[in-house]
Amino acid sequence: MLDILGPVPTKCSSKFPFEQSTMKRAGKSRRDERDRLSSLPDCLIHLIMSFLTTQQAVQTCVLSKRWNNLWTTLPSLDFDLWKFKFDEELDDSETEDSEPRRRFEKFRDFVSTTLLLREASDLHKFRLFCKMFDRHNYRILMRSWILYALKHNLQVLDIDIRPEDSLPFGVFTCASLVDVSLSSYTSVQTVEVINLPCLRRLHLNHMKLNQDFIEKLFCGCPVLEFLHLEYYIGEFTAINSPSLKYLEIKYYGLRGETEKNIELINTPNLLSFRYSIYSNTIGHKILLKMPSLTSASIYSDYHIGKSNILIGLSNVQNLKLRGCAIKGLLKNELPNCPEFSNVKDLSLDDLCLSCNFSLFASFLNHFPNLEKLSLQHAGCSFGEKVDGNRESLKIAPFKGRRLETVEVMFVRNDKCFPQAVKHLQDITEKSKAQINMISVYDWDEDCSEETSQEIN
């Protein structure tokens, strides 16, 4: 078995400075030379070993008889192909291109042998990061590894596999699972049944999702609280869940793909919502029903049209809007923008205050109880014009009286920025807020140290 473990120490020697110093101070007495680490109970040693890869944990079997079989009852197994280490020189007949294949073959043997020799105890966490190279029989073997974990009362499953490596059916019907992360371009449209009664956290990265799967997911996961969706191709229009408390969506989209867009998110108990759009295909209205929402973050680099997003966020306490498309979002939704009476912390990034101060000031007056304002001033985009003085703009002063702090991040040599700061001072004068300006870098510099300045 040691043949597949990779390099192992031939002599057990102390490498811990604190242990060496203790031995020196005590004159290397027999009492201080005893192995205190090995005297710990199994549960604590397993906790220590959980910070190692499974390969490293198995290698501890050479330390002493006490450690010989500890790895066979590890409650956590971590198999990562690209972290797997082996010291083997290639034969003269082999090229450097053979190294990935040899690495995988050793990795395959190690995983199979580890699972074969492991005791039949419960498994808390199973992590498998393995992009198979080829061969159908390897994919069958990978499925058998996952099924082994599912049969041992597994609670945490973390998998990253190739697109053609379909997931075993048991992934969606394991009653003990609490936390699942699946990363693959695999389609889940063929999943017939989802029954995960204990599942609370779910990460789906780069999966192909459709409405049928989404509906089965929420029906089969009655206590699901945290959902992270990161996808390129989506064919679902609605998310309905009474249990969700944290929802994060990252949508990238693919050019030329004909797909459906989310039109409804109905989550009455949702507390946190993060929505990031990296696609120019979003231009529709979206209805958000989130009455319990306290925190929201919206990011977009593309125009997202009349989405009605802001209306659905009216109950939040902390709101963050980011991305170069925020200007368009404010313009489209400002006429019907609600009053955010609960918001105490507002953050706006990537908005040019010099060119859009009137728009910003109008939006700001929808936050009567605002206490903290964070701004990231972007430079002027091509074709944008700098706003004039306050009198010509007819900017109304900020009505809120609770504003205490304004933080503004800006480019140091932006010549138009001082005028925007003057406008900011004018409209917040009655609130007597302290304005902190933080310069980040110059346009002509790669980077520079941050500097800050306070304006009372």
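**Exercise 1.** State where Asp160 sits, whether Asp160 is buried or exposed, and what Asp160 touches.

*Solution.* 
Step 1: Asp160 belongs to strand S3, residues 156-160. Helices (H or I, at least four residues) and strands (E, at least two) are DSSP runs, numbered from the N terminus. The model is predicted: local features need pLDDT of at least 70, side-chain atom pairs count only at pLDDT 80 or more, and totals for chains, interfaces and linings use all residues. Residues are numbered from 1 along each chain as its sequence is written, and side-chain values use heavy atoms, without hydrogens or water.
Step 2: Asp160 has 18% relative accessibility, so Asp160 counts as buried. Buried means under 20% relative accessible area, exposed over 50%, partly exposed in between (1.4 Å probe, protein chains only).
Step 3: Setting aside neighbours within four places in sequence, Asp160 is in contact with Leu128, Phe129, Cys130, Lys131 and Ser183. Contact means heavy atoms within 4.5 Å.

**Exercise 2.** Locate Trp67 and decide: buried or exposed?

*Solution.* 
Step 1: Find the loop between helix H4 (54-59) and strand S1 (76-80); Trp67 is there.
Step 2: The relative accessible area of Trp67 is 6%, so Trp67 is buried.
Step 3: The C-alpha atoms of Trp67 and Asp42 are 9.7 Å apart, with 25 residues' separation along the chain.
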